[in-house]
Structure formats: C-alpha cells, structure tokens
Amino acid sequence: MVNALWFLSLVISLFCALLATLQQRWARQYLYVAHPHVATHKRARIRSYFAAGVARFYAAVTVEAIPGLLHVSVFLFLAGLVISALNIHHTVAYVVLAATGVCALVYLMITVLPAVYHDFPYTSPFSALIWIISQKIAIGFRYTIDHVAAFRKRRLESAKASPVKMREFKNMIETAHDAAENSGFEIDARALGWTLDKLDEPRELMQFAAGIRGFSSSCKVKNPISILQDAAKQSTLHKDLYQRIFLLLMRASDIKLLRDSQLLSKSEAPRCRQICLEALYFLPDAIKKLLAHIAFDTFARPDKVEARFKPILHSAEAWKMAEILSQRDNRVREDVTIGAQCVAAVQATQEPNEETRPILMRQLNLKVDVLESYLDPFENLLLKNLNDFLENTALKFIEQQPGKKPKKGGKPEGLTEPKELKDKDMILSTLLLLGRNIKDFQKIDGQLRSDYVEKWNKINVCAGQALGTRSENAKKLLGHLHIQPGSPSTPPNCPSVTTPPVQTTDNNPSTLRSRDSYIEMSPMSP
C-alpha cells in the first residue's frame, strides 16, 4: 500500500513536469500560429479561429489542472508516509499524522474560503471546483423550492423564470466583481484616502482638487458626499483636507504668505486659485470650518485675520466665485449655495475698492448714489448687508414653505415646516462676523434700522410662539445677532440696542454662544 501511494505520487509528479514543459510549447505555438505577419484582416480572422479552439478544448482548465495534480501527488506521498510510519513506530507516526492533518486543514481552508468570502486573497487550484459544486447545490435546492411553491400555486411558469437560475451563469470571479460593485461607500473612501497619501507635490493636490466638484455632483457614484467626508479620515497625511487646499490657495495667491509659495509658477497660479476656491465650496464642511476659524480669530486674534484669510476675504476673484455659486441652482447642492452666500456676505463687510465695488452693488442691489450714501458712515453698508443676509438666507429657515401637505394637526393646508438648520454653523458664524463692526447703531440710516428691527422682531416672535423646527431655528438665529433691540415692541425709529459679549455662561438658548463652541479642531496655522 505504501509503495503504491509513493509510486503513484512519483508518476503524477513526473507527469506534471512533462505537462509543464508542454505548456510552454503550447504557448509558443499559439503565439506563432495566431499572430502571422499577414494583412490585418487576415491576422484577425486567424487569431479568432485559434482563440475559438482554445476555448473549445478547455485550454484554461488544462493549465489549472497541472498544479492541481501536483498538489494531489504531495498528499499521496504524505498519506504513504503516515502509513509507513505506523508500521515502524507509532510515536513517529502520530507526529507525522498531526503535521499532515494541520497542513491538510490549512489547504482545505484555502480551498473553501474563497467561495464564502469573495475578497479572500488565497486560492488553490480546486477553489473554482468547490465554487461550482456549492453553486450547483444551492441553485438546485432553491430551484426545487421554487417548483414546489409554484406547483402548490399552479404557477409553473413563474418558477421557470426564477432569478435564482441566473446565478448558474456566473463564475467565482464574476461573483467577486459583483460583490465589489455592490459594496458600501467605505471602499471608495479608502481608495481616495490611499490616493491622498500619494499626493506629495502641490500640483498633484491641485489635480485632485480639480475633480472634487465633478465627483461630489456625480450621479454615477453612490454617496459621493460620504465618500469625500470619509476619505480624509482614511488618509494618514491629509486628515484635514480642506486645510491643505486652503494652504495651496494661499501659495497661489501671494508668494509672501508661505515660505514655499515659489513651488507654483506664475502661469499656474490663476488656475490653481480657481480650482482651490471651487473645491472648498464643494468639499463637505470646508466652508463651515473656515468660517468658524475666521469667527474665532476675529475675536481672539483680530490682527491675524486679514493676513491668514486674505485669499478668501480680500480677493475680488474669490468674491466673484461666491457670487456665482450663491445663485440658486438645482444642479448645485444647497449647502454649497448657502456657503457661497455666507462667504459673499462676509466679503461685503470689507470696504470696497474699484474692483469689488461692482460686485457689491450687484449683491446688495444698490445704485451708485445709494452706495455712496451708505459709505458714510460705513455702518450703514454693514447693516444693509446684514439685513440682506437675514432676508435672503437666514430667515428661510424659520418660514413655512409652500407645499402640498394636507391639513393635519392644526397646520395650514399648503404649507410645510422649514428644514432643520443643518447648515447652522455656517449661518451662525456669518451672523457673528456681519455684526461685529457695527459700533453705533443710532448713527445708522433710519430705514435700515427699521428693516433690521422688523426682521429681529419676526425672529423673536417665532422663537417665542412658533413650535417645532421653526422655534428652534429662530432661537439659534436670535442668539447670534450682536444687535438686539430691547423688546419686540420697541418702536422702529428708536430701538433700544444692546451688544452682548462674545463669551457668555448664560444657559438661556437665546443668548450668544461661546466662540469656542464654533471650533471643532485646533486653529489653522499657516
């Protein structure tokens, strides 16, 4: 018995060696006969003819069978070795048997697990056979159940059209590909994280940033926003991707802002600025975090705000980008539009120059003579900007929206509750920045003061009398307005104004929050 196993193992091993040499000959012959030096159309026909023969006579199966036979010869030799050891010494036999059993168990796992876990990296020549057998059993079982159920319901035709039968035509590789296609967005986020770790040069980061808008708006990608949010978490070197893009924007804006700004040439700088500005708007939470840092530095380190955030606050190019994206567009996400409106409002707090004056006039819908009258004192323009931001952006979150919702629970028919203030951090940070430079409310134009008091009273009424989302949104807005009339009934022409401090320990939700609550990470460092 022992000799039979050993000699059989030897024969199979020698035969595998012979087939391996023949396999090399088959490959050379195929390359020679299937790729002759003839006309292209003749070569295509010849290649198609021999390729059909390769598929017809199962050449791929033959190639896979060679290592399989070699593995069989190894186990035949081990089986003969165990039997031989049992005839000589039982202790030696048990040791050899234990080692053989462990090896066989490992080999069995390598063979079977690819049929269970499609991303399992280890296979054996028999893994495909195990997959076919398991699929045949599963399909036969399900097919039998379908027919029994159809026979009971007298619907044999539906049983023949069972979708389970389609699985018979998918091999192990095709099924693995389907599993990869149907996997969660974490796979794509991990791939983007790996890509970020390979970005060493500013130009490479610029190329990555150029694709953020298209990726975030793609209809071919599932959960693109979640992928972008998790990609930075998966990255080792770019945990704060928005900071990297903003620093790249600083490099492209002014050579004096960062020490390595010379890495970008003058010809690349304009395109780099456009790409970075656009990427910051479409990168999830980037504008929110930037506004939070600006709000923090405005009160904690006001001398550094202009230098650190100059590319986004003191740039006509950045203002034009914000103006374009702040227009309502169904093709652009709502948080992008709100972020652009917030940035445009903050940019309007700077004294205009010849380049930014036309943008400011379009944004606030002002004529030249009206703009000139608002510039002295400058608080007029600041309050006009604040009023417009409240009207066009902030108040949208406390107003009932038109809809087809039927009357239920006392709610007016045709009106729906506003959305939850998802982008509250951007809006609340903006409110802090818009009112910080209004020092003397009494010197401001009376009509502007009346407009502000009207809006403040509207928010205050919603905070006290409205229910649900409207009340919560109104309280958040009310607590972040610097200028607060003494009471809702104050006459518009003579409002009583208080300017609350930046930090407060009051537990009242309608008071201003601490500036520290805006910062979700350590302040940026240039």
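# Exercises on a predicted helical model

In this protein, residues 24 or more positions apart account for 65% of the contacts (heavy atoms within 4.5 Å) with a separation of 6 or more. The model is a predicted one, in which local features need pLDDT of at least 70 and side-chain atom pairs count only at pLDDT 80 or more, while totals for chains, interfaces and linings use all residues. Residues are numbered from 1 along each chain as its sequence is written, and side-chain values use heavy atoms, with hydrogens and water left out.

## Exercise 1: the overall picture

Describe the protein by its helices and strands, its buried share and its accessible surface.

*Solution.* Begin with the secondary structure, taken as DSSP runs numbered from the N terminus (helices are H or I with at least four residues, strands are E with at least two); the protein has 24 helices and 4 strands. Next, apply the burial classes, in which buried means under 20% relative accessible area, exposed over 50%, and partly exposed in between (1.4 Å probe, protein chains only); of the 526 residues, 39% count as buried. Finally, the accessible surface, from the Shrake-Rupley method with a 1.4 Å probe and, for residues, with only the protein chains shown counting as cover, comes to about 30,700 Å², and 58% of that belongs to carbon and sulfur atoms.

## Exercise 2: aromatic pairs

Classify the ring pair of Tyr49 and Phe50 and that of Phe75 and Tyr107.

*Solution.* The rule is that rings of Phe, Tyr and Trp (its six-membered ring) pair if their centres lie within 6.5 Å, and that planes under 30 degrees apart count as stacked, over 60 as edge-to-face and the rest as tilted. The structure holds 5 aromatic pairs. In one of them, the ring centres of Tyr49 and Phe50 are 5.3 Å apart and the planes stand at 85°, so this pair is edge-to-face. Tyr49 is exposed at a relative accessible area of 61%, whereas Phe50, at 32%, is partly exposed. For Phe75 and Tyr107, the centres are 5.2 Å apart with the planes at 65°, so this pair is edge-to-face. Phe75 counts as partly exposed at 28% relative accessibility.

Ser124 lies in the loop between H4 and helix H5 (127-153) and, at 10% relative accessibility, counts as buried.

## Exercise 3: salt bridges

Which residues does Glu317 and which does Glu391 form a salt bridge with, and where do the partners lie?

*Solution.* A salt bridge is a side-chain nitrogen of Lys or Arg within 4 Å of a carboxyl oxygen of Asp or Glu, and by this rule the count comes to 11. Glu317 forms a salt bridge with Arg273, the closest N and O atoms being 2.7 Å apart. This pair links distant parts of the chain, Glu317 in helix H17 (residues 316-325) and Arg273 in helix H13 (residues 269-282), 44 residues apart. Glu317 counts as partly exposed at 21% relative accessibility, while Arg273, at 19%, counts as buried.

Glu391 forms a salt bridge with Lys455, with the closest N and O atoms 3.8 Å apart. Here too the pair links distant parts of the chain, from helix H21 (residues 379-392) for Glu391 to helix H23 (residues 446-465) for Lys455, 64 residues apart. Glu391 is partly exposed, with a relative accessible area of 37%, and Lys455 counts as buried at 12% relative accessibility.
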